[in-house]
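The questions below go through one structure piece by piece.

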Amino acid sequence: MGNEATCKVKFGKQQSEGKALLETSEILFRGDFRLKLSFSAIKSAKAVDGELRLQTAQGAVVFGLGPAAEKWRDKILHPKSRIEKLGVKPEARVSLLGDFDAEFLGELSKVTNSVTKDKVTADSEWIFFAADSKDDLGALPKISKPMKGAAALWIVYPKGQKDITENDVLAVGRGAGLKDVKVVGFSPTHTALKFVIPVTKR
């Protein structure tokens, strides 16, 4: 997905090989030491000779990313909005199932007035299903039934919970005959997984 890389990171006198993750609003690094850098705390970002050079409140951090350095720099300097990451187009027909925060509802209302709550309309292009537990996922076969053509289903679930994991969501989605195609950080507390009908079944 271009947002994960095994690379060498230099931070002060520390240097380590590890895994870097470019999230929606922060960069994470796990190696001999760990870093969590929110975009808002990054004072400057430059791509030089395959290195992503960040200036932060804690000091300079250098990620050896190779050709991906420029792409990561651009994403840090010009992060996409949540709606852009989710792919919702202007005036798209959207169905919402479950509870969503007011901030997300406000973002949706800026791009489309065609939003239906608590049911999936037959012409839905985007379906957002908030699942707080594994039990909630039992509704998925019924939710996905009206899907047609290129309609997309985003399952939004809490991060770091034992009673609902990424594997649970993947298993139920695939069990309903859908294909998982994308994952994004929906919010600091939630992840969103995107499912579509396989091209051969449309």
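Q: Which residues form the covered face of β1, and which the uncovered one?
A: This is a predicted model, in which local features need pLDDT of at least 70, side-chain atom pairs count only at pLDDT 80 or more, and totals for chains, interfaces and linings use all residues. Residues are numbered from 1 along each chain as its sequence is written, and side-chain values use heavy atoms, with hydrogens and water left out. Strands are DSSP runs of E of at least two residues, and helices are runs of H or I of at least four, numbered from the N terminus. The uncovered face of β1 has E4, T6, K8 and K10, and the covered face has A5, C7, V9 and F11.

Q: Over how many bridges do β1 and β2 pair?
A: Two strands count as paired if DSSP finds at least two bridges between them. β1 and β2 form a hairpin with 2 residues between them, and G12 in the turn has a positive phi of about 60°. Within this pairing, E4 stands opposite L21 in β2. The two strands pair in the antiparallel sense, and the number of bridges is 8.

Q: What is the bridge partner of K10 in β7?
A: β1 and β7 run antiparallel and are joined by 4 bridges. K10 has as its bridge partner in β7 the residue V62.

Q: Which elements do the buried residues of α5 pack against?
A: The buried residues in α5 are D168, V169, L170 and G173. Contact means heavy atoms within 4.5 Å. The packing partners of these buried residues are α4 (140–144), β11, β12 and β13.

Q: Which element supplies the largest share of the lining of the largest pocket?
A: The lining has 34 residues, of which L22, E23, V183, V184 and G185 lie nearest the centre of the pocket. Elements giving at least two of the lining residues include β11 (152–158), α5 (166–175) and β13 (190–196). The largest share, 6 residues, comes from β12.

How values were computed:
1 Å grid on protein atoms, 1.4 Å probe; cavity = no way out; pocket = protein on both sides within 12 Å on 5 of 7 lines; lining within 4 Å. Buried < 20%, exposed > 50% of the residue type's maximum accessible area, 1.4 Å probe, protein only.
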